Amino acid sequence: MASTPNVLSKHERDDIDHWLKRYPEDQSQSALLAALRAVMHEDHYLSIEKMDAVADYLSLPKITVYEVASFYSMYEMDEKAAGKNTIAVCTNVSCMLNGSDKIVEHIEEKLGIKMGETTPDGEFFFKIEEECLAACCGAPMMQVNHVYHENLTPEKVDEILESVKTKPSLHKKEANNG
Amino acid sequence: MSDMIKITVDDKELEVAAGTMLIEVTDAVGIHVPRFCYHKKLSVAANCRMCLVEVEKAPKPMPACATPVNEGMKVWTRSEKALSAQKDTMEFLLINHPLDCPICDQGGECELQDLSMGFGGSSSSYQEIKRVVVDKDIGELVSTEMTRCIQCTRCIRFGEEIAGMRELGATGRGDRMEIGTFVEKSLSSELSGNIIDICPVGALTARPSRYNSRAWEMMQSPSIAPHDSVGSNVNLHTFKGNLVRVVAGENEAINECWISDRDRFSYQGVNAEDRVKSPMIKQNGIWKKVDWNEALESVAEKLKSVDPDDVGVLASPQATIEELYLLQKSMRAIGVKNIDHRLRQTDFNDQESMGLFPWLGMSITDIEQQNAILLVGSNVRKEQPLLNHRIRNAVIKNNAKVMTVNSFEIDFNYDVESQNISSPQEIVNTLAGIAKASISLSKAKVPAGLSDLLKSVRANSDGKAIAENLKNAENSVVFLGGLSVQHPNYSTLRALAAVISENTGATLGYLAESANTVGAWLAGVVPHREEAGIVSKNVSSSKAGKNTVEMIMNPSKVYVLLDVEPEFDCDDPQLAQQAMDAAECVISISPFADANMLTNADIILPSACYSETSGTYVNAEGVWQSFRAAAKSSSDVRPAWKILRVLGNKLGIDGFDYVSSTDVRDELKVACDTVSSVSNHFEISGIYIAPEKQDGLQRIGAVAEFCGDSVQRRATALQKSAPEQEVVQLNSAEVQRLSLQDTVENSSLVTVAQGNEKLSMPVLVNDLIPDGCVLIASGTQSSSELGSAFGNIEITS
């Protein structure tokens with residue numbers, strides 16, 4: 001049964017251990033949100049294999065992990081969602097009134113994908129955001145990875161997306177040079 | 001305990017315990033409040049909102065299931081405010097419900113249907129599209145129609161709180177929440193079928209009986225479950241006289257309102273293809289249908305023509321006590337002494353010291369009061385699922401320490417203190433170690449009969465810890481389970497358990513194997529006692545008849561089988577088969593005749609199944625429970641008690657003029673009532689030995705979960721749900737040692753050799769099995785070709 005050898009990476013396990021310390025010993029379920037976040041950081045989505053590993057690691061029934069993972073919109077369970085950068089444009093009332101539709105259209109055109117899809121190079125995942133992200137005063141807004149960007153215009157969106165993209169391209173250069 | 005307070009419900013003054021929930025109060029006095037998510041045995045979820053009632057001074061209607069009562073509280077359950085809240089809730093619940101009642105199995109017995117009639121409106125304000133939820137495949141036993149689900153979460157709470165394993169959950173959120181397993185998976189709990197009973201709608205229904213008949217066409221008859229010694233109360237549902245479904249009955253002191261999957265789905269076996277429909281006699285190798293008179297005449301003739309010592313009588317412990325008693329009475333009346341029901345037992349060394357019957361040692365509810373429990377050779381979770389449920393409650397409520405001595409590790413649904421696992425021979429030494437520790441704890445003398453055995457073992461720290469746990473607990477018990485009874489050194493295990501119980505103050509209890517194991521002892525279906533434990537001159541020690549093993553080792557000329565299939569029910573199928581081959585005449589009283597039976601038997605008397613006869617089972621705690629026939633059997637099939645009564649007449653025995661099965665039961669009951677008390681205590685007087693060291697691979701032949709008797713072996717859905725019954729299980733180290741890695745990797749078959757037979761079987765690597773051992777379950781199709789449940793076995797690629 002316990003034959004699955006370290007499905008979770010060392011980094012993931014360290015992260016989970018760090019959170020586990022904060023809760024009473026018999027309350028490992030409290031660390032579940034953080035544990036799933038750790039996996040999201042690494043893989044950009046939650047595979048069944050990883051969720052099962054989290055369940056084993058925290059001694060929880062597997063279904064408990066599936067329940068939590070499928071409840072919160074910050075977790076992605078679709079492998080297609082495993083893009084390096086996640087873009088979430090708010091389309092709730094305030095943002096919609098302030099032109100979020102145009103922002104969505106712009107991003108879709110720029111990246112050549114629809115909401116809910118990932119660019120073929122795996123760089124960007126354009127998430128279907130369902131709920132208000134509580135930044136109405138800066139509408140329209142979007143969240144890229146963990147960062148809020150407000151008062152968007154198409155030009156500003158281009159800048160932001162370019163800026164998050166630079167790092168991997170640097171990596172690529174290094175790789176080529178090396 | 002708690003303070004009593006006064007409240008008013010619907011203008012009725014009530015005195016109730018403070019802190020109870022309103023719905024418990026209204027239920028107790030018979031005021032009906034509608035509900036879906038509330039279930040008296042489960043935690044309160046308060047998520048369906050159907051039980052809203054008006055409470056004085058509360059601004060909004062309150063859910064009765066989650067509102068504790070307070071002094072002076074005034075409640076109205078049928079006021080305008082309450083009714084309108086209930087009606088609105090109903091409208092919400094029906095928004096996504098498909099209203100496909102005409103094709104729904106639940107239709108006619110559906111809580112949603114009933115409550116919408118009683119409390120709902122006639123139209124809905126919702127005009128939009130309803131959602132559809134894809135059905136889940138959760139195994140052979142429960143069928144799903146998840147669009148009908150109203151998300152009461154009873155099934156989820158059942159899994160967590162009763163079954164002790166959370167398999168179902170609610171994934172997604174809001175209007176996309178779905179109940180299911182999320183990944184495709186069959187439910188594996190031995191109690192999973194109960195979610196069918198508690199589902200208030202048609203989302204979870206019984207798969208084997210799906211689309212068979214409508215609820216209002218079925219007749220319900222209360223009965224007793226026939227597959228384990230719990231004596232669970234069940235309701236049998238028949239359609240046009242056929243048994244088509246089984247649901248749980250209620251008996252708070254026995255099964256509460258739960259039943260095992262085995263008791264729920266075994267009914268399919270009753271309608272198996274190899275049911276015998278008329279009496280048959282084999283003449284010159286050809287089967288001939290005969291009438292009852294001719295069949296019974298020839299049975300009587302045969303029995304009269306042979307020396308009674310040449311007759312062997314084997315009876316199923318699943319037979320009713322009336323059948324067992326009449327079998328015993330008629331056979332002993334014609335001088336037959338060789339009679340037994342202990343088909344899988346092989347060690348009868350100290351059978352005289354057994355109490356009146358293998359008693360649980362307490363009532364079923366008392367199990368929950370235990371603080372320390374030692375399970376010796378018992379897979380209680382599969383063998384008696386509802387006793388396991390009581391043990392689980394003891395663990396949850398009293399932090400009971402559960403310890404085991406067994407030949408394989410068990411995946412319990414609660415935390416256990418320790419599992420002491422070793423080969424079948426070695427468990428004798430493990431138990432002896434505990435016994436030795438218990439003796440030194442109480443500074444008692446070593447009983448003479450055990451001194452050699454105890455000298456050779458050391459009380460290690462594990463043994464000491466177990467003995468101490470039993471001694472220090474306020475209530476503790478040592479239970480002997482089915483694997484102990486099958487063990488080649490059962491008497492030694494029993495003596496050691498008695499020593500442990502004596503020296504730690506723990507109760508000694510037996511987890512009897514079958515529905516009527518206890519009844520068989522009471523009816524006198526053992527070679528050394530008559531009914532009610534009477535040891536008359538006829539059966540006293542030197543004159544005792546042959547036990548099962550003796551009957552099989554030295555073949556009798558004539559065998560009488562009462563619902564016994566020797567190759568499945570006996571410890572050693574090969575020897576049993578040889579005995580049948582060697583017999584002149586085999587008389588089988590049985591509902592079934594498979595190919596093997598048609599070869600073995602010479603006269604077949606078709607008997608009724610448990611659902612087609614009246615009768616009585618006595619459960620592990622000694623409670624007699626009678627039931628009546630629910631289903632009709634085919635016209636030429638007779639209840640076994642009637643067959644035996646007429647046979648008694650044909651044999652010219654006095655006192656065989658019973659009119660009903662209750663006459664038979666009452667006669668036996670009177671005899672049993674004269675026995676003053678039941679006790680498991682016995683003095684250790686004999687000499688008990690350790691098993692001889694055996695080299696080579698050892699078989700562990702625990703009885704497969706769904707193979708304990710003829711009916712369940714034929715229950716197709718149960719069999720399909722447990723494919724692991726027919727495999728060879730061994731641990732990964734053993735796989736290496738036997739060089740079976742390639743075979744395991746390619747999922748090819750291994751060759752199993754025991755005695756003179758060889759057969760091919762699939763392998764399952766299971767690290768819960770100890771080194772040097774292999775688990776091949778008994779009672780299965782493959783094991784019917786093998787030898788004894790214990791002993792040497794060879795596995796090759």
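Chain A is divided into domain 1 (10–71) and domain 2 (83–159), with bounds that come from an automatic or database domain assignment, and the centres of these two domains of chain A, taken over C-alpha atoms, are 28 Å apart. This is a predicted model, in which local features need pLDDT of at least 70 and side-chain atom pairs count only at pLDDT 80 or more, while totals for chains, interfaces and linings use all residues. Residues are numbered from 1 along each chain as its sequence is written, and side-chain values use heavy atoms, with hydrogens and water left out.

In chain B, helix 2 (residues 80–93) and helix 3 (residues 111–119) have axes that come within 10 Å and cross at roughly 135°; helices here are DSSP runs of H or I with at least four residues, and strands are runs of E with at least two, numbered from the N terminus. Axes are lines fitted to C-alpha atoms, for helices over the stretch in contact, and angles run from 0 to 180 degrees between N-to-C directions. Contact means heavy atoms within 4.5 Å, and B:Leu83, B:Gln86, B:Lys87 and B:Met90 in helix 2 of chain B meet B:Leu112, B:Leu115, B:Ser116 and B:Phe119 in helix 3 of chain B.

Chain B also holds an open sheet of seven strands in the order 14-13-24-23-22-15-16, with mixed pairing, where two strands pair if DSSP finds at least two bridges between them. Strand 23 (residues 585–590) and strand 24 (residues 603–606) of chain B pair in the parallel sense over four bridges, and B:Ile587 stands opposite B:Ile603 in strand 24 of chain B.

Methods:
Chains lettered and ligands numbered in written order.
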